[in-house]
Structure formats: structure tokens, C-alpha cells
Amino acid sequence: MSSSRDEQPLGLRERKKARTRAAIQGHALRLFTAQGYAETTIEQIAAAAEVSQSTFFRYFPTKEDTVLYDRLDPVLMKAFVEQPAELTPLQAVRAACAQVFARLDAEESELERARQRLVFSVPELRNRMIEHIAAGLGMLAEAAAERAGRDPGDFTVRVWSGAVIGVVFAAYFSAAEAPENLVDVIDKAVTLLEDGLPL
């Protein structure tokens, strides 16, 4: 049985890894914004982040992954599960998004917008986004099932999760093309779903 002292270094290591991953991604996004995605090399990203290329590859298998990695997904899922029980599932989605995005500082918000713009403007990133949508669907189904006390494989849970993912994905497209605040666009989109998507 391990003591809290035994567990502490693991926590410190994990936090250090998270900081290194965030630093590499942040430098990559800044370089992509400044000089273009295709024009930026892994060597340049590693140099900007002050890590070796081997360290880069420990965190990101490819250059594409520096954009596709979404560190907010697990944070959003946790916030969603922890919303007050009296909220409906869609109200909990809206509250979780508002809570998580409100914690981002100006630079973090801009980097997230830059990440989204890249995903939708670079063809190879758009193509690989399908994999990430499937992963996001699984994460949301797990979180929704936990919140509702149902099985993640339940058909209704999966369909509900797919509807939310589709609406949020459409909101990302809109936010990438306009100067609107991302969380406002997501909130507007989920509200439409809540209202039955009237046309």
C-alpha cells in the first residue's frame, strides 16, 4: 500500500508533463499563426519550446497532433459531471462550458481560437478531426451516463451525446469564421438544441 508521500512524486511528474505538453502546443500554435502551418517545422517548434525533438515526439507523435490535441476536453467533461443535479443535461453542458472558458486567460483563449481556426482551415487537420469527433462522442457519453446513472452504451445516451457533439462542432465552425466569442457561440448553439432546433 503506497503512502501519500509515495503518490506525491507521481502527481508532480504528471503536472510537469502537462506543463511541458501545454508549452510545446502553445509554441506550435504561435508559430503556425505567425508563419503558417505548412511552413513550420517540428525542429522550429522544439527549438521555440526549448526541448529536444525526441522530447517533442514523446508528447506529440506528429505535427498535426499539436493542433488536434484538445486539453480542454477532459476538463469540460469533469465540469459537466459536477454541475448541480437540478440542472438538465443541456443546462449542465452550457454551465460547464461557461465555467471552463471563463477560467482561461486572454492568451489561452486566443490560442484556443487559433487552434480551432487551424483545424478548419488546414485540409489534413480537417480530415483527421473525424477521429477526434468519435473520441469526443465517447467521452461525452461516459460523462452523460455517469450524470444520469445510465449505461454509456444506452442508445438514448449515445444519440443525445451525438446531438450535442454535432451542435458544438457546428458552433466551432461558426466561431472560426467570425470574431464572436467561442463560448457565446457554443451557448447559443446548445440553447437552440434545448429549444428543439426550430427552423
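Q: Which residues in H7 are buried?
A: This is a predicted model, to be clear. In H7, the buried residues are Leu-111, Glu-112, Arg-113, Ala-114, Arg-115, Gln-116, Leu-118, Val-119 and Phe-120.

Q: What span should H7 have, and what do its end C-alpha atoms give?
A: H7 covers residues 106–121, which is 16 residues.

Q: What caps the N-terminal end of H7?
A: Asp-105 does. One of its side-chain oxygens sits 3.1 Å from the backbone nitrogen of Glu-107.

Q: And H8? At what angle do the axes of H7 and H8 cross?
A: Roughly 95°. H8 is residues 123–148, and the two axes come within 5 Å. Angles of 65 to 115 degrees count as roughly perpendicular, so H7 and H8 fall in that class.

Q: Which residues meet there?
A: From H7, Leu-118, Val-119, Phe-120 and Ser-121. From H8, Pro-123, Leu-125, Arg-126 and Met-129. Of the H7 set, Leu-118, Val-119 and Phe-120 are also on the buried list.

Q: Switching topic. Where does UniProt place the HTH tetR-type domain?
A: At residues 18–78, according to an unreviewed UniProt entry. In the model that span is 75% helix and 0% strand. Its end C-alpha atoms lie 17 Å apart.

Q: Which residues does the "DNA-binding region" annotation cover?
A: Residues 41–60, again from an unreviewed UniProt entry. The chain there is 75% helix and 0% strand. The end C-alpha atoms are 13 Å apart.

Q: What about Gln-25: buried or exposed?
A: Buried. Its relative accessible area is 6%, and the cut-off for buried is under 20%. Gln-25 belongs to H1, residues 4–35.

Q: What is Gln-25 in contact with, beyond its sequence neighbours?
A: Phe-60, Thr-66, Val-67, Tyr-69, Arg-71 and Arg-115. Arg-115 takes us back to H7, where it is one of the buried residues.

Q: Next pair. How do H6 and H10 pack?
A: At an angle of about 175°, with the axes 10 Å apart. H6 is residues 89–102 and H10 is residues 182–194. Over 145 degrees counts as roughly antiparallel, so that is how H6 runs relative to H10.

Q: Which residues make that contact?
A: On the H6 side, Leu-90, Gln-91, Val-93, Arg-94, Cys-97, Ala-98 and Phe-101. On the H10 side, Leu-182, Val-183, Ile-186, Asp-187, Val-190, Thr-191, Leu-193 and Glu-194.

Q: Cys-97 is in there. What does it touch?
A: Leu-76, Val-183 and Ile-186, leaving aside neighbours within four places in sequence. Cys-97 counts as buried, at 10% relative accessibility. Its C-alpha is 9.8 Å from that of Leu-182, 85 residues away along the chain.

Q: Last one, Trp-160. Where is it?
A: In H9, residues 155–177. Trp-160 is partly exposed, with a relative accessible area of 21%.

Q: And which residues does Trp-160 touch?
A: Phe-80, Pro-89, Leu-90, Val-93, Leu-140 and Ala-144, not counting residues up to four places away in sequence. Leu-90 and Val-93 also take part in the H6 contact with H10.

Q: How far is Trp-160 from Pro-89?
A: 9.4 Å, C-alpha to C-alpha. In sequence they are 71 residues apart.

Technical notes. Residues are numbered from 1 along each chain as its sequence is written. This is a predicted model: local features need pLDDT of at least 70, side-chain atom pairs count only at pLDDT 80 or more; totals for chains, interfaces and linings use all residues. Side-chain values use heavy atoms; hydrogens and water are left out. UniProt positions are given in the numbering used here, feature names are shortened, and annotations may be inferred rather than shown by experiment. Helices (H or I, at least four residues) and strands (E, at least two) are DSSP runs, numbered from the N terminus. The expected span of a helix is 1.5 Å times one less than its number of residues. Buried means under 20% relative accessible area, exposed over 50%, partly exposed in between (1.4 Å probe, protein chains only). A polar contact is a pair of N or O atoms within 3.5 Å; within protein, one must be able to donate a hydrogen and the other to accept it, and residues adjacent in sequence count only if both atoms are side-chain atoms. Axes are lines fitted to C-alpha atoms, for helices over the stretch in contact, and angles run from 0 to 180 degrees between N-to-C directions. Angles under 35 degrees count as roughly parallel, over 145 as roughly antiparallel, 65 to 115 as roughly perpendicular and the rest as oblique. Contact means heavy atoms within 4.5 Å.
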